[in-house]
Amino acid sequence: MIQELHDIQAAAGATFAELTTKEIVPVSFGNDAEAIAATKQGAALYDRTHWGRIQISDSDRLRFLHNQSTNNFNILKPGQGCDTVFVTSTARTIDLATAYATEDAVLLLVSANRRRQLLELLDRYIFPMDRVELTDLTDTTVAFSLLGPESTQLLKKIGVTELENQPYATHKLINFAGMDIRVAVGSGLATPGYTLIAQAGDAANLWKELVKAGAVPMGDRVWEQLRIEQGRPAPDFELTDDYNPLEARLLHTITYDKGCYIGQETIARLNTYKGVKQQLWGVQLSGAVEPGTAVTIGEEKVGKLTSFTETESGFFGLAYIRTKAGGQGLKVQVGSASGEVVNVPFLSS
């Protein structure tokens with residue numbers, strides 16, 4: 001079923017690569033500049049099928065997720081959603097996920113390279129008395145994101161009008177051309193847009209219909225460039241055992257008064273005593289730099305570069321910078337490149 005989707009994408013000029021997690025993804029459609037332009041003036045279409053989709057069902061689902069991650073699940077009503085961070089017992093980051101609450105389940109959209117780890121983690125915390133069921137829907141569903149200011153107009157062409165101006169992660173199940181599609185507000189990046197989740201058997205048809213409606217296909221290479229430019233932290237880069245969600249500036253995912261959850265004590269202590277020693281920032285760079293390179297001021301190390309990309313307007317990276325060193329506007333050295341610390345739209349200020 002996914003092969004049919006890949007055949008359509010290949011016919012449209014897609015080149016593919018295998019991720020470390022073994023998923024095959026379209027890296028580029030040979031139209032990177034056009035796709036970037038579409039995210040700013042039109043609507044780009046990104047295939048997120050390689051991301052994980054985990055369903056949590058049964059009557060204790062909200063309480064269970066409330067106890068496992070940073071955001072408040074107990075207040076979620078069907079049709080609502082939120083971003084949340086899964087952390088270790090010492091509040092080190094595992095993954096940034098998006099949750100969608102339905103009438104009888106919660107659907108988690110998680111990073112490809114964290115799906116198995118999260119399934120094992122969640123399964124480990126289900127106790128015999130818990131009425132919770134975990135289902136991995138990754139192989140039976142697909143996920144696409146529309147990114148750009150024309151995404152709302154494009155959705156209107158397939159009959160979706162109820163989500164305009166609705167809060168982030170608001171979602172609705174619609175039927176279009178015989179396909180059941182869950183459409184949610186939010187592109188996964190700071191760019192306005194929507195995320196669509198459908199059955200794997202409808203993948204090729206849905207992709208065709210979205211392109212026919214005017215969406216410009218976008219490969220993983222452009223997504224990664226936009227991710228870094230906009231500051232969405234990613235597992236193995238910004239989300240690792242070295243950092244916590246406060247340092248990653250994922251403040252919109254944290255509810256401080258929700259009670260006990262894994263990692264809660266550490267996060268509460270850091271917040272109460274202003275103990276955040278470093279924070280994630282964008283860095284405008286004068287040249288190419290490898291991730292992992294130290295960020296310095298004079299002889300002093302003040303941080304580390306975690307991601308790097310080349311954009312149409314120059315070189316750009318993400319870096320954790322020591323809080324005491326400063327923030328926006330700070331002049332730094334990153335390897336052989338000079339840099340200036342800048343804010344990025346995805347992160348809370």
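Predicted model: local features only at pLDDT ≥ 70, side-chain atom pairs only at ≥ 80, totals over all residues.

**Salt bridges and the overall fold**

Biologist: Okay, and is Lys331 buried or exposed?

Modeller: Lys331 is exposed, with a relative accessible area of 56%.

Biologist: How many salt bridges does a search of the whole structure find?

Modeller: The search finds 15. One of them is between the side chains of Glu312 and Lys40, at 3.0 Å from N to O.

Biologist: Where in the chain do Glu312 and Lys40 sit?

Modeller: In distant parts, 272 residues apart. Glu312 lies in the loop between strand E16 (300-311) and strand E17 (314-322), while Lys40 belongs to helix H2 (residues 32-41).

Biologist: And are those two buried or exposed?

Modeller: Glu312 is exposed because its relative accessible area is 52%, over the 50% cut-off. Lys40 is exposed too, with 51%.

Biologist: Which residues are joined into one network by shared partners?

Modeller: Salt bridges that share partners join Asp60, Arg63, Asp130 and Arg131. Within that group, the side chains of Asp130 and Arg63 meet in a salt bridge of 2.9 Å, N to O. This pair also links distant parts of the chain, 67 residues apart: Asp130 is in the loop between helix H4 (115-124) and strand E8 (133-136), and Arg63 is in helix H3 (residues 61-66).

Biologist: Is Asp130 buried or exposed?

Modeller: Asp130 counts as buried, at 17% relative accessibility, because the cut-off for buried is under 20%. Arg63 is partly exposed, with 35%.

Biologist: Let's zoom out. How many helices and strands are there?

Modeller: The protein has eight helices and 19 strands. Its C-alpha trace spans about 65 × 55 × 35 Å along the principal axes.

Biologist: What does the radius of gyration say?

Modeller: The protein has 20 Å, which agrees with the value near 20 Å that a compact globule of 349 residues would have.

Biologist: How much of the protein is buried?

Modeller: Of the 349 residues, 57% count as buried. The accessible surface comes to about 14900 Å², and 50% of that belongs to carbon and sulfur atoms.

Biologist: Last one: how far apart are the mean positions of the positive and negative charges?

Modeller: They are 5 Å apart, for 32 positive and 41 negative charges.

Notes. Residues numbered from 1 in each chain as written. Heavy atoms only, no water. Helix = DSSP H or I, 4+ residues; strand = E, 2+ residues; numbered from the N terminus. Rg over C-alpha atoms; globule rule 2.2 N^0.38 Å. Buried < 20%, exposed > 50% of the residue type's maximum accessible area, 1.4 Å probe, protein only. Areas by Shrake-Rupley, 256 points an atom, 1.4 Å probe, with all protein chains shown as cover. Lys, Arg positive; Asp, Glu negative; His and termini not counted. Charge placed at Lys NZ, Arg CZ, Asp CG, Glu CD. Salt bridge = Lys/Arg side-chain N within 4 Å of Asp/Glu carboxyl O.
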